[in-house]
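Subject: Structure handover

Hello,

Here is the structure I said I would pass on. Please open it beside this email and follow along.

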Number of protein chains: 2
Amino acid sequence: MKRNVLIIGAGGVAKVVAHKCAQHNDELGRIVIASRSVAKCQAIIDSVRAKGSPKLPAELEAHALDALDVEATKALIRETESQIVINVGSAFLNMSVLRACIETGAAYLDTAIHEEPGRVCETPPWYGNYEWKHLDECREKGVTAILGAGFDPGVVNAYAALAAQRHFDRIDSIDILDVNAGSHGKYFATNFDPEINFREFTGQVWSWQNGQWTSNAMFEVKRSDDLPVVGEQNLYLTGHDEVHSLSKNLDVSNIRFWMSFGDHYINVFTVLKNLGLLSEQPVKTAEGLEVVPLKVVKAVLPDPASLAPGYTGKTCIGDLVRGSRDGKPHEVFIYNVADHEEAFAETDSQGISYTAGVPPVAAARLIASGQWDARRMVNVEELPAEPFLELLDAMGLPTRIRDERGDRPWNQF
Amino acid sequence: MKRNVLIIGAGGVAKVVAHKCAQHNDELGRIVIASRSVAKCQAIIDSVRAKGSPKLPAELEAHALDALDVEATKALIRETESQIVINVGSAFLNMSVLRACIETGAAYLDTAIHEEPGRVCETPPWYGNYEWKHLDECREKGVTAILGAGFDPGVVNAYAALAAQRHFDRIDSIDILDVNAGSHGKYFATNFDPEINFREFTGQVWSWQNGQWTSNAMFEVKRSDDLPVVGEQNLYLTGHDEVHSLSKNLDVSNIRFWMSFGDHYINVFTVLKNLGLLSEQPVKTAEGLEVVPLKVVKAVLPDPASLAPGYTGKTCIGDLVRGSRDGKPHEVFIYNVADHEEAFAETDSQGISYTAGVPPVAAARLIASGQWDARRMVNVEELPAEPFLELLDAMGLPTRIRDERGDRPWNQF
């Protein structure tokens with residue numbers, strides 16, 4: 001039974017994680033939040049207390065931490081007796097936080113792939129460049145490391161595993177569809193860290209098609225779908241973490257990720273990209289100052305956390321799976337619909353942060369109970385999907401399924 | 001008879017100025033080019049020699065200079081015995097270069113209004129904020145300072161003076177129309193320093209209407225005109241230097257400046273402006289680096305000088321003047337058409353640099369000959385227009401006039 005959670009990061013997702021951990025602190029114990037800015041950590045604690053999120057009288061601590069500093073991170077893990085680390089800080093921190101977990105024995109959870117500042121959209125499979133190099137060491141040391149345990153990657157990986165185990169004899173294709181049909185009312189904003197958001201789209205788009213890696217440009221391949229609640233949507237083939245583990249762990253020839261974009265987003269993105277303003281490589285101003293353009297774009301855009309109060313509308317994220325069952329063609333869409341306003345009412349956060357922040361807490365509860373304490377490094381599809389989806393049903397992210405028999409909760413047959 | 005020219009700046013306009021000074025070095029004497037980067041000055045000298053521009057065996061010198069340093073600028077003026085200074089450096093330098101001229105007695109020429117880095121589109125009249133504060137001192141010391149002696153401001157001011165003196169009894173309106181119908185083949189670029197280009201459009205648009213200053217937003221007021229050579233064009237009311245002197249020096253109730261923009265330019269501009277990327281005020285990145293977004297935009301855009309080799313098409317810039325003559329309504333359009341490819345063939349430069357760079361050399365020749373050696377601070381419309389336009393006819397920027405009697409050279413009646 002692992003207890004006491006260290007949350008790394010103090011952005012929008014970290015705030016949801018803190019609220020949700022507090023709601024289940026009878027299972028999870030002490031909650032520590034650490035980031036470069038202790039003030040941001042403290043603001044999250046204030047929000048958690050103001051909303052009355054803690055189930056039991058809460059131990060909540062804020063700490064200043066540079067999580068690139070492995071020794072400092074190890075010291076904080078030990079000092080706070082944290083047995084579960086939920087890393088929802090910058091994507092640049094994964095390797096140093098993982099290292100601290102391996103050396104202290106704490107369980108490691110994250111929600112997105114590791115990135116190096118100077119590189120984007122590296123050679124597939126992405127996990128092979130950083131995380132999976134530590135597979136053997138985690139197994140040898142019995143360290144639990146669950147990679148990509150947010151919504152996507154994360155819940156959609158569990159949907160894929162559920163489809164493979166329960167709904168199909170053979171799967172031909174998994175198309176992960178990620179739609180945000182919400183409106184934040186700003187001229188332009190990204191729903192999570194703009195730096196990470198744009199980095200997803202500036203390089204080549206990797207997808208797994210016909211059993212091999214295929215490269216496209218962003219906004220090159222488009223599809224339209226009529227989806228539950230959010231209706232007709234335009235989605236574009238996008239590079240994304242989960243394609244890189246599902247292609248290894250499932251025997252499926254076509255795995256693609258699609259994200260919805262409005263024309264306005266595409267226009268702004270296209271202007272910025274074509275001008276070179278989304279580059280992660282430094283440029284020099286006429287005055288001789290070296291600066292990474294993307295970091296300046298991030299600095300002028302709204303803080304994603306600031307979007308929460310006015311955000312309306314819903315998200316719909318799920319797996320459209322095609323294959324055969326009992327010798328006949330079969331298709332299911334396993335999905336969740338989340339509501340921005342409900343997310344704000346519960347956790348002071350917008351829906352994108354909510355969908356990313358609730359699942360790692362469900363995963364942490366499953367580590368605490370032992371069900372997901374794998375004592376090795378895994379991606380979500382390698383773990384039992386059903387206990388995870390059951391917890392999510394109760395934690396605000398219910399799963400539904402749509403197939404030829406209609407639209408219903410995932411576990412209603 | 002003033003001789004020897006110091007050119008401040010080493011951008012696209014400075015290059016044209018250097019070529020044109022060299023073509024007339026029998027009148028102008030030694031040519032010195034000074035900027036922060038001595039390599040850029042030397043590259044211009046190399047271009048001048050490669051094109052064979054010098055009329056007489058040429059004295060050409062490159063110097064490194066921080067022109068904000070008044071003492072260094074004075075020392076260079078004295079050391080090089082320069083009696084005419086053509087300031088075509090950054091718009092932030094005017095006041096320090098003017099100071100150096102006043103204190104050494106050199107004649108001062110520039111092509112654009114002074115600007116302070118932290119301010120845009122200040123209270124009208126703009127010249128009153130900086131330049132005209134030195135009117136008395138220039139007159140007392142007998143220093144010649146000709147403000148805004150490029151094309152616009154500059155030649156269009158002479159067109160306005162010509163209209164007032166030769167074509168009208170009463171002028172009701174002067175609309176300066178600035179069309180660049182050229183194509184540089186890039187996704188996006190500005191034709192001169194992006195920082196100065198964008199600063200023109202990010203604040204309020206000042207125009208002189210019904211005898212008073214009127215404020216609009218950029219791209220708020222549009223007109224369409226069928227112009228010589230370039231045809232039908234969309235132009236937008238824009239703030240510009242010449243409105244601020246013509247409104248003082250001519251008795252005209254309506255003076256407006258209009259610039260042509262394509263939909264693509266407006267889209268890129270709108271995205272950048274709405275995101276805050278055109279701000280002249282510093283922002284702080286997540287890493288704590290202070291940076292002015294506009295300077296980063298400048299750093300990623302093509303160097304305007306680099307556009308020259310592939311630039312095709314023409315510019316058309318002129319004054320549409322309405323009023324009455326002999327008791328009847330009268331309208332004239334006095335204008336020039338310039339060609340990007342011809343400009344490149346002659347001076348290794350694109351047409352916008354050419355139209356801005358030729359006029360100050362014509363003005364320098366008139367200072368050298370004594371005709372424009374006013375021994376006070378003036379705007380171009382206060383000087384005799386005809387000798388200026390005659391020189392420009394021979395120097396590559398011929399003036400034409402279009403009225404009810406047809407389209408012909410300006411001095412053909």
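Below are the conventions, then what was found, going from the pair of chains down to single residues.

This is a predicted model, in which local features need pLDDT of at least 70 and side-chain atom pairs count only at pLDDT 80 or more, while totals for chains, interfaces and linings use all residues. Residues are numbered from 1 along each chain as its sequence is written, chains are lettered from A and ligands numbered from 1 in the order in which they are written, and side-chain values use heavy atoms, with hydrogens and water left out.

The two chains

Chain B can be superposed on chain A by a rotation of 179° with 0.1 Å of shift along the axis, at an RMSD of 0.0 Å. Contact here means heavy atoms within 4.5 Å.

How many residues of each chain are in contact with the other? There are 28 in chain B and 28 in chain A. The size of an interface is often given as the accessible area lost when the parts come together. Here the two chains bury about 2300 Å² between them, 74% of it on carbon and sulfur atoms. This buried area is the accessible area (1.4 Å probe) that two parts lose on being put together, summed over both. In chain B, the residues that lose the most area to chain A are Y187(B), L275(B) and V300(B), together 25% of what that side buries.

Helix α4 of chain B

Helices (H or I, at least four residues) and strands (E, at least two) are DSSP runs, numbered from the N terminus. Helix α4 of chain B covers residues 70-79, and its buried residues are V70(B), T73(B), K74(B), L76(B) and I77(B). They sit on the same side of α4(B) because they cover an arc of only 165° around the axis; the arc is that of the directions from the helix axis to the C-beta atoms. On the other side of α4(B), E71(B), R78(B) and E79(B) are exposed. Buried means under 20% relative accessible area, exposed over 50%, and partly exposed in between (1.4 Å probe, protein chains only).

What covers the buried residues of α4(B)? The cover includes strands β1 (5-8), β2 (31-35), β3 (60-64) and β4 (84-87), along with helix α5 (94-104), of chain B. At the start of α4(B), a side-chain oxygen of D69(B) comes to within 3.2 Å of the backbone nitrogen of E71(B). Just after α4(B), E81(B) has a positive phi of about 50°.

H63 of chain B

H63(B) is in strand β3 of chain B. Is H63(B) buried or exposed? It counts as buried, because its relative accessibility is 17%. The side chains of H63(B) and E61(B) are joined by a polar contact of 2.8 Å. A polar contact is a pair of N or O atoms within 3.5 Å; within protein, one must be able to donate a hydrogen and the other to accept it, and residues adjacent in sequence count only if both atoms are side-chain atoms. Leaving out residues up to four places away in sequence, H63(B) touches several others, among them I33(B), C41(B) and L76(B). H63(B) and I33(B) are 30 residues apart in sequence, with their C-alpha atoms 6.2 Å apart in space.

Backbone details

The peptide bond from P124(A) to P125(A) is cis, with omega near -10°. P125(A) lies in the loop between β5 (107-110) and α6 (126-129) of chain A. Another cis peptide bond joins D152(B) and P153(B), with omega about 5°.

N210(A) is not a glycine, yet its phi is positive, near 50°. N210(A) lies in the loop between β8 (205-209) and β9 (212-216) of chain A, and it counts as exposed at 64% relative accessibility.

Regards

Conventions: Copies are superposed by least squares on the C-alpha atoms of residues with pLDDT of at least 70 in both.
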